[in-house]
Amino acid sequence: MSGMKPRHKYGSFTLIFATLAFLLSIFSTGATWATVDEESTITEPDGGGAFGNLTIDLALQGDLQLREMDTEVEVTIFFDRIVDPMGEETYKESESYEKLAEKSAGDMSTTFEEMDTAGAVAQWMLWIGIIAMLVTAIFAFCSLAQITNSRFTTYSGSVATFFLFFAPIIWFILLPSDGTYASPDVTQDFFFIGESNPATNFEPSPSTGLFLSLLGGLSSVAMMFMVYRHNISEVVNEKPKWMDSLFNLKFNDEEKVAQPINFAEKKEQAGLL
C-alpha cells in the first residue's frame, strides 16, 4: 500500500480492521470466556464408623461461556483406616446460569445470578457492536467505491467501537471474583455427610473468549484511528486500484460467460491435439 494515495490507504485499512473486529467479536460469542479448576476436601469425623473418618475429595473443572457453564466434578471417597479409595465418581453437567441459580441457595445462588447478569449484559453489547461493525465495513467499502460519504462510516464505527471495546471490560467487572459451587447431583448423592456442604471454591480465570473480545475491541479502536486519518486526507474522486482490478475482474468474467460458444473454433482446437 506504499504507492496508494493517503485517502485510499487509510480507507483500505479501515475496511481491514473493521472486518477483523467483526470476525474476532463474533467468534468470541461462542467461545469459553473463563475456566475454573478447583479442589477441596471435606472431612466427616467418624463418618466411616469402624473405618474411621470419612474424607471426600472434590475436583472441579468448568468452562464458562457467556450464559452457560459446562462442569465436571470428580468425587473420591477415603476412609482413614483404608489406604485405597473406596469409590470414585464423575459428574458432568451443562446448564445455564439462570437454572443453576434456581437450583442453588445462599452464596451459590448469588454467584450464578451475578454471572448471568454479567453474561447477559456482555452478550447484548457484543451483538449490537457486531451488527454495527458489519454496517461499518459495508459503509467503508461503499466510501472507497465513491458510493457514499465517509461520515456514515464514522457514525456507525463510533457506535460499534463503543460497544465492542467496553463489552469485555463490563463483563470482567460484573463477574464475581470468588464464590462456591456445588453440583446438585453431588449434593443429592452425598446428603449423608451431615453439616458439611460438598462444595468447592469458585474463582474463574480469563480464557479464549475474553481475549478474542479484547482483540476485537482493540481492532475497532485501530479502525477508528484509520477513519480519522482517512477523513483528514485529501479528497479524491476515484476508486483505489485494487478495487478497480476487482470490478474489472468481475466484469470480464461476466463478459466471457455471456459470449456464445464458437463450435467451429473448438473443433479446430480439438483437431490440433
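User: Is glutamate 72 buried, partly exposed or exposed, and what is the value?
Analyst: In this predicted model, glutamate 72 is partly exposed, because its relative accessible area is 24%, and the buried class ends under 20%.

User: Which residue does the side chain of glutamate 72 meet in a salt bridge?
Analyst: The partner of glutamate 72 is lysine 92, with an N to O distance of 3.9 Å. This pair links distant parts of the chain, as lysine 92 belongs to strand β4 (residues 82–96) and glutamate 72 to strand β3, 20 residues apart.

User: And lysine 92, buried or exposed?
Analyst: Lysine 92 is exposed, at a relative accessible area of 64%.

User: How many salt bridges does the structure hold?
Analyst: There are three salt bridges in the structure. One of them joins aspartate 116 to arginine 67, where the closest N and O atoms are 3.1 Å apart. Here too the pair links distant parts of the chain: aspartate 116 is in helix α3 (residues 107–144), and arginine 67 is in the loop between β2 and β3, 49 residues apart.

User: Why does aspartate 116 count as buried?
Analyst: Aspartate 116 counts as buried because its relative accessibility is 16%, and the cut-off for buried is under 20%. Arginine 67, at 29%, counts as partly exposed.

User: Which side chains meet at 2.5 Å?
Analyst: Those of glutamate 238 and lysine 5, which form a salt bridge at that N to O distance. Glutamate 238 lies in the loop between α6 and α7 (241–258) and lysine 5 in the segment before α1 (6–28), so the pair ties together parts that are 233 residues apart in sequence. Glutamate 238 is partly exposed at 39% relative accessibility, and lysine 5 is partly exposed at 40%.

User: Back to the strands. How do β2 and β3 run, and how many bridges join them?
Analyst: Strands β2 (residues 54–64) and β3 (residues 68–79) run antiparallel and are joined by 11 bridges. Leucine 60, for example, has valine 73 in β3 as its bridge partner. The two strands are connected by a hairpin of three residues.

User: Now the helices. What does α4 give to the nonpolar patch?
Analyst: Helix α4 gives the most, with five residues. The patch covers about 620 Å² of surface and is made by Phe162, Phe166, Ile169, Ile173, Leu174, Phe211 and Leu214. Helices α4 (151–174) and α6 (208–232) each supply at least two of its residues. Isoleucine 173, which is in α4, is exposed at 59% relative accessible area.

User: What about threonine 153, buried or exposed?
Analyst: Threonine 153 is also placed in helix α4, but it is buried, with a relative accessible area of 5%. A polar atom of its side chain lies 3.5 Å from the backbone oxygen of phenylalanine 139. Beyond neighbours within four places in sequence, the contacts of threonine 153 include Thr14, Thr136 and Val227.

User: How far apart are alanine 222 and alanine 18 in space?
Analyst: Their C-alpha atoms are 8.9 Å apart, although 204 residues separate them in sequence. Alanine 222 is in helix α6 and counts as partly exposed at 24% relative accessibility.

User: Finally, the whole protein. How many helices and strands does it have?
Analyst: The protein has eight helices and seven strands. Of its 273 residues, 41% count as buried. Among contacts between residues at least 6 apart in sequence, 71% join residues at least 24 apart.

Key
Residues are numbered from 1 along each chain as its sequence is written. This is a predicted model: local features need pLDDT of at least 70, side-chain atom pairs count only at pLDDT 80 or more; totals for chains, interfaces and linings use all residues. Side-chain values use heavy atoms; hydrogens and water are left out. Helices (H or I, at least four residues) and strands (E, at least two) are DSSP runs, numbered from the N terminus. Buried means under 20% relative accessible area, exposed over 50%, partly exposed in between (1.4 Å probe, protein chains only). Contact means heavy atoms within 4.5 Å. Patches are made of residues with over 30% relative accessible area and no salt bridge: like charges are joined within 9 Å, nonpolar side chains (Val, Leu, Ile, Met, Phe, Trp, Tyr) within 5 Å. Accessible areas come from the Shrake-Rupley method with a 1.4 Å probe; for residues, only the protein chains shown count as cover. A salt bridge is a side-chain nitrogen of Lys or Arg within 4 Å of a carboxyl oxygen of Asp or Glu. A polar contact is a pair of N or O atoms within 3.5 Å; within protein, one must be able to donate a hydrogen and the other to accept it, and residues adjacent in sequence count only if both atoms are side-chain atoms. Two strands pair if DSSP finds at least two bridges between them.
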